[in-house]
Amino acid sequence: MDLEQLHQTYKESSISGRYITLKEIEPILDRLNKNNNLEIVGKSVENRPIYGYKIGFGKTKVFLWSQMHGNESTTTKALFDFLNFLNGDTALAKQFLNNFTFLAIPMLNPDGAYLYTRANANSIDLNRDSQDLTQPESKLLRALFENFKPDYCYNLHDQRTIFGVDTTGIPATLSFLAPAYNEEREINENRLKAINVIASINGVMRDYLPGGIGRFDDSFNINCIGDTFQFLGAATILFEAGHFPDDYAREQTRKYVFMSLIVSFQAFCENDIVSNRYSEYLNIPQNKVVFYDFIYKNVKINYDGIEKITNFAAQYKEELIDNNLCFNAYISEIGNLDGFFAHHEYDAKGATYSDDYSNFPKLDQKANFMLDKNIIFVNGLIKK
């Protein structure tokens with residue numbers, strides 16, 4: 001099976017980039033609502049609809065949700081690609097529908113999606129509200145979980161560009177986790193099921209992303225939804241969609257998330273998750289915070305008449321301005337950057353730094369500067 005061709009066939013062309021709101025997904029949901037699959041299952045703080053999409057008639061129940069954090073839209077795009085696939089006419093799609101019943105919540109936090117914030121309209125992180133259940137979105141997710149009684153939960157997220165695969169210098173384009181269900185991080189039957197699914201995904205996807213798959217930290221926090229659902233007895237798998245080189249729109253990452261979904265459910269159908277694959281899971285390297293978007297090395301600065309050579313880093317902030325998502329680079333670290341990598345790196349080779357402010361880099365300053373007065377950097381990048 002050509003997974004990349006499969007994605008090209010079923011990719012939802014009406015959505016792209018990072019800023020995905022209800023306005024973009026409602027027409028797709030209406031189009032996919034062929035057999036009363038679609039239901040408004042609840043409302044957000046600001047009274048926006050939250051949709052549930054149910055498809056399939058198989059014994060194994062799978063609960064998937066995306067955009068719990070409003071600014072994490074990559075898995076939303078991939079989820080719609082997957083729903084397009086399920087509505088296709090392939091033998092594999094029919095096999096999935098015969099084996100599974102899927103309940104998908106494509107956008108759990110529509111207010112946060114509109115505002116492009118991690119939190120909801122009450123500034124609450126829904127992924128820290130699984131016990132207190134103070135928010136309507138949190139209460140809804142728990143009610144759907146208790147009513148649907150899933151066998152498997154797919155908790156779909158994005159992760160920042162700062163994450164790499166251990167210290168290899170390779171970005172963590174995909175990361176997975178079988179969350180802990182207790183403080184001791186023990187392995188019970190349900191957590192092992194999740195572990196086996198991840199091992200199956202990794203076994204295939206590492207050929208498409210050599211070295212680019214990581215394992216997320218499994219510190220136990222019962223306030224997180226994945227840990228709670230694992231504790232409540234559903235095998236839960238965390239997806240973290242990360243950075244692929246030069247893919248800030250996360251269109252390549254979207255493809256790899258779609259492929260991972262296909263691989264995981266194919267593994268079920270082929271009984272590839274029944275063995276104990278814990279050692280394979282542990283062999284997936286852990287995520288580490290080792291990346292900046294930009295690193296500038298060997299830069300000469302003149303500070304109060306004293307010349308010195310230093311390094312500094314810049315990081316994009318994703319800022320919503322007039323309903324347009326802008327990637328604005330700000331200086332984020334100055335000095336020793338040993339052990340860190342960059343998605344863009346520039347060796348100044350002793351060139352002298354200058355800017356329109358104070359002629360030396362300052363934290364939180366826009367990454368607009370010059371080197372030797374003739375190499376101009378705008379928003380972190382060399383101006384062509």
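This is a predicted model: local features need pLDDT of at least 70, side-chain atom pairs count only at pLDDT 80 or more; totals for chains, interfaces and linings use all residues.

Modeller: I124 sits in the loop that runs between α5 (110-115) and α6 (136-148). Leaving aside residues up to four places away in sequence, I124 touches A119, D129, T134 and Q135. Looking back to G112, you go 12 residues along the sequence, and the C-alpha to C-alpha distance is 9.8 Å.

On to the rings. The structure holds 40 aromatic pairs. One of them is F102 with F265, an edge-to-face pair at 5.1 Å centre to centre with 80° between the planes. F102 belongs to strand β4 (residues 100-105) and F265 to helix α9 (residues 251-269), so this pair ties together parts that are 163 residues apart in sequence. F102 is buried, at 1% relative accessible area, and F265 is buried too, at 0% relative accessibility.

F369 and F377 give you a stacked pair: 4.6 Å centre to centre, with 10° between the planes. Here F369 counts as buried at 3% relative accessibility, and F377 counts as buried at 2%.

Then there are arginines over rings. R48 lies over the face of Y114, 4.6 Å from the ring centre. R215 lies over the face of Y281, at 5.6 Å from the ring centre.

Technical notes
Residues are numbered from 1 along each chain as its sequence is written. Side-chain values use heavy atoms; hydrogens and water are left out. Helices (H or I, at least four residues) and strands (E, at least two) are DSSP runs, numbered from the N terminus. Contact means heavy atoms within 4.5 Å. Rings of Phe, Tyr and Trp (its six-membered ring) pair if their centres lie within 6.5 Å; planes under 30 degrees apart count as stacked, over 60 as edge-to-face and the rest as tilted. Buried means under 20% relative accessible area, exposed over 50%, partly exposed in between (1.4 Å probe, protein chains only). A charge sits over a ring if NZ of Lys or CZ of Arg is within 6 Å of the ring centre and within 35 degrees of the ring normal.
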